[in-house]
Amino acid sequence: MKFSRIFFLSVLIYLFYIALVLTNGHLPDFFKHINSGSMLYANMWEHFKQGNFFIDEIHAAGEYFVLNNGKLTVYYGFFPAFLRGFFDIFLTDLYKYNFNNLSILLALVVAIFFTYRTFIKLSLFSGKSRIFSVMFLIALFLGSTVSYVTAWGWIYNEPIIWGFAWTVGYISLFFLWVFAPEKEINLKNGSFMGLCVSMAVLSRAVDAIIPVISFAFIVIKALYDFYFKKDKTRLKALSAGILICFVSAGFTLVINMSKWGSPFKFQQFEKNIHVINSPQRLKGLQEEGMWNLKRIRTSFLYYFIPSSPNFRPEFPFIDVDRELTIIKKRPYYDLIMSSRVPVTLSSFFLCFLAFFGAFKYFGLDRQKKFLLFPLLSAGVIQYLALLVYAGIALRYSAGFVFLLVSLCLIFLVAESREMVFFKRPKFLYSSLIVLVISIYVNFFTMLGYKHYIRQISPVTRNFIGKVINYRPDKNHIILIKSNDQHIKFPYKSLSGK
């Protein structure tokens, strides 16, 4: 059987697995389980058809902002609502179906499409590169933060996965631009790049930092070549992509102006209903701000440093940290979610390859290092943005994948062209061991993440609790707001009694 057939069969099995996870193993619920996210994005589309970007409180799931005109809105990206618009062509009532699950599967298809296309064009599925390329893709989708964010079709998770899909798609296209310029700098790829940048912005603004900054660099480089070198190849290839970005940027500015009264604001957290109802939270935000460099050390501990609660002597040996003892003395955060597994554990394989990718970067020729520098710099800027933000949560760690992906691709491309590590059996065996560990950690993290969800039934939670060998503790908490700890689940509801 040809490699491509095996690959696509594996993709179908993977999507089936995700569908099972999303429905807690009951596939008939795929469209029937109407959750808040499904209702919210349908409501966003309904209001868009009326010419506004507001929502109705009944569909807001308690996560809304009260504007100066008394109208309600949300800060989530608009792209999921666009999808409802497509489904609206064929259906009479969007509220009757759960499209969150389908939306997440479509996002994964988009990410797989762009990565597969790049791997084929850069010959990463040939020779000794093949096994490492396959391991990377397995690690990206089953051995990284993506694995557990796709486990729940919630209002937050859907735009996060779409932000992941479009940004990974853009990074894949960027590597074609850098490593195969003779064949791949063309109108099609330029259009795809513009599309990925635009849709990333409309999905999740913080994920769009990498594509926006690096795409701006590419456009500036193309303009420089056009005016000073009389070379219009790059500018011509980017023309459609630039047009797509201008249209999308205009739409984004209109959305922001309609919601917040400023085209350059993506949210005004002081207008959040929870903040309005809690003067203590509003005071904290006013004193510390949404973005504060003092949070870097504490956020870094949360997102990257394992702690003793992440490990235990009995099966499954890995657990989400519900106690957060590692960051008890913290600067002000508006929200700290206590379900925590650091990126260095959840994305172990990606961190492993990225480490070698960093060394490979310095071995590239001067031109390629110059072109890749804006991409890597934008990844660092995104890391900084996530570390200084006023909220930290397990699902936000998906934003730390992109820099790792970029470094991993540098390693794979550079190593495929001048093999050093690929020829060493010890490196192959070590990589396989790290991959297995990554998949294992993420599988049980996914179960722990679902176990953490308040909206699942007590029966499902009790079953998952038995699988992960979880013994409830009254000290386990769901989140921290304004330094006040909120208890997670009473023991009785956890056991289903």
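Which helices each supply at least two residues of the lining of the largest pocket? The legends below, which describe a predicted model, take up this question in the opening view.

**View A. The largest pocket and the helices that line it.** In this predicted model, the helices that each contribute at least two residues to the lining of the largest pocket are α7 (157-179), α9 (187-203), α10, α11 (233-260) and α17 (366-388). The largest share of that lining, 10 residues, is provided by α11. The space in the largest pocket comes to about 1300 Å³, and, of the 47 residues that line the largest pocket, Val201, Arg204, Ala205, Val206 and Phe266 are the closest to its centre.

**View B. The largest cavity and its lining residues.** The structure contains 2 cavities of 30 Å³ or more, and the largest cavity holds about 50 Å³ of space. The largest cavity is lined by Met44, Asn52, Phe53, Phe54, Thr73, Val74, Phe78, Ile255 and Lys259.

**View C. A nonpolar surface patch with Phe226 as one of its members.** Leu223, Tyr224, Phe226, Tyr227 and Phe228 together make a nonpolar surface patch of about 550 Å². Phe226 is placed in helix α10 (residues 209-228), and with a relative accessible area of 31% Phe226 counts as partly exposed.

View D. A search of the whole structure finds 0 disulfides, where a disulfide would require a pair of cysteine sulfur atoms within 2.5 Å. For Cys196, the closest cysteine sulfur is that of Cys245, and the separation of 9.8 Å is too far for a bond. For Cys408, the closest cysteine sulfur belongs to Cys351, and the two sulfurs are 8.1 Å apart, which is likewise too far for a bond. Cys196 is buried, its relative accessible area being 0%, and Cys408 also counts as buried, with a relative accessibility of 0%.

View E. Arg281 belongs to helix α13, which covers residues 279-288. Arg281 counts as buried because its relative accessibility is 7%, which falls under the 20% limit for that class. Although Arg281 and Tyr332 stand 51 residues apart along the chain, their C-alpha atoms are separated by 9.9 Å.

Methods
Residues numbered from 1 in each chain as written. Predicted model: local features only at pLDDT ≥ 70, side-chain atom pairs only at ≥ 80, totals over all residues. Heavy atoms only, no water. Buried < 20%, exposed > 50% of the residue type's maximum accessible area, 1.4 Å probe, protein only. Patch = residues over 30% accessible without salt bridge, like charges linked within 9 Å, V, L, I, M, F, W, Y side chains within 5 Å. Areas by Shrake-Rupley, 256 points an atom, 1.4 Å probe, with all protein chains shown as cover. Salt bridge = Lys/Arg side-chain N within 4 Å of Asp/Glu carboxyl O. Helix = DSSP H or I, 4+ residues; strand = E, 2+ residues; numbered from the N terminus. 1 Å grid on protein atoms, 1.4 Å probe; cavity = no way out; pocket = protein on both sides within 12 Å on 5 of 7 lines; lining within 4 Å. Points joined across faces, edges and corners; volume = space filled by probe spheres on them.
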